[in-house]
Amino acid sequence: MHMTPRELQRQLEAARSAQAGSAQRIQAHRKLAEQCPAFVPNLLSLSRSLLLDREDTDAQAHFAEGERVLRDAVEVSSEDASALIELAHFIDTVRDSPGEAEPLFAEAAHRASNLLEEAWAGLIWVLGEQEKLDAALKLASRAQRVFPDSEIIAEAVHFARQCAAR
Amino acid sequence: MRKAIAQQSVKLGDIHATLQHVAGFPARLRDYTRFQIQRMLDQRDFSIATKKELQTALKLLKEQKRLMEKN
């Protein structure tokens with residue numbers, strides 16, 4: 001029986017209420033990861049908690065677990081930017097390997113950039129639909145500086161102008 | 001402002017125990033603050049630690065802050 005999204009969220013919040021890096025917190029995230037191995041926000045929290053362990057326990061085992069959890073998070077999220085960024089930080093700081101972290105950050109930046117372009121285009125479009133032309137054009141000028149060749153932003157700006165035309 | 005000053009006075013040896021076991025941990029900088037480490041790098045003063053050790057120390061202090069904020 002799968003947990004409902006609300007139940008997952010409730011358990012994650014319950015885990016996060018324990019002190020950062022405490023054994024109780026790590027256990028709560030581990031338990032949730034066993035129940036739902038594809039719940040990425042929990043996997044990211046688990047990896048951070050493992051690094052923040054205040055006890056001087058087996059650090060190398062924590063690192064191995066943290067890396068495995070982060071690679072799972074990247075895989076099950078189909079290389080989501082936030083999972084890639086978390087793995088990249090881990091590889092850079094824990095493994096002291098900036099060369100290996102570089103393509104991970106680069107891929108995260110590429111994905112986040114695509115998301116930002118899509119989000120801005122959508123925002124300009126709905127501002128236009130509501131005839132909020134000033135807000136749409138203000139955002140458009142910023143968006144077109146960052147993405148000068150974006151077709152979806154140009155299309156949204158054109159639409160917003162059409163909506164405002166009487 | 002107070003938070004920024006507090007961040008500058010964190011010593012490398014104050015970061016969480018697990019993080020002190022990472023590859024290349026510059027143990028000789030344990031008693032130095034972020035401010036002191038940053039200043040050594042800025043002034044290219046490599047008398048206490050190498051450039052790489054100073055960079056790693058700064059990276060770990062930054063990572064500790066990020067992990068605490070994100071958690």
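In this predicted model, 16 residues of chain B are in contact with 20 residues of chain A. On chain B, the side touching chain A is made up of seven nonpolar, six polar and three charged residues.

**Chain B: fold and dimensions**
- Chain B has three helices and zero strands, and along the sequence its pattern reads α-α-α.
- A compact globule of 71 residues would have a radius of gyration near 11 Å, and the 12 Å of chain B agrees with that.
- Along the principal axes, the C-alpha atoms of chain B fill a box of roughly 35 × 30 × 15 Å.
- Of the 71 residues in chain B, 31% are buried.
- Taking contacts in chain B between residues at least 6 apart in sequence, 54% join residues at least 24 apart.

**Chain A: helices 6 and 8**
- Helix 6 (residues 98-129) and helix 8 (residues 151-164) of chain A pack with their axes 8 Å apart, at an angle of about 5°.
- Because angles under 35 degrees count as roughly parallel, helix 6 and helix 8 of chain A are described as roughly parallel to each other.
- Their contact has twelve nonpolar, one polar and three charged residues.
- Helix 6 of chain A contributes residues including Trp120(A), Ile124(A) and Trp125(A), while those from helix 8 of chain A include Ile153(A), Phe159(A) and Cys163(A).

**Chain A: helix 1**
- Helix 1 of chain A (residues 5-16) has twelve residues and reaches 16 Å from its first C-alpha to its last, close to the 16 Å expected at 1.5 Å a residue.
- This helix 1 of chain A is hardly covered, with a count of one buried residue among its twelve residues.

Notes. Residues numbered from 1 in each chain as written. Chains lettered and ligands numbered in written order. Predicted model: local features only at pLDDT ≥ 70, side-chain atom pairs only at ≥ 80, totals over all residues. Helix = DSSP H or I, 4+ residues; strand = E, 2+ residues; numbered from the N terminus. Expected span 1.5 Å × (residues − 1). Buried ≥ 20, exposed ≤ 12 C-beta atoms within 10 Å, placed from the backbone. Contact = placed C-beta atoms within 7 Å. Nonpolar A, V, L, I, M, F, W, Y, C, P; charged D, E, K, R; others polar. Axes fitted to C-alpha atoms, helices over the stretch in contact; angles between N-to-C directions. Parallel < 35°, antiparallel > 145°, perpendicular 65-115°, else oblique. Rg over C-alpha atoms; globule rule 2.2 N^0.38 Å.
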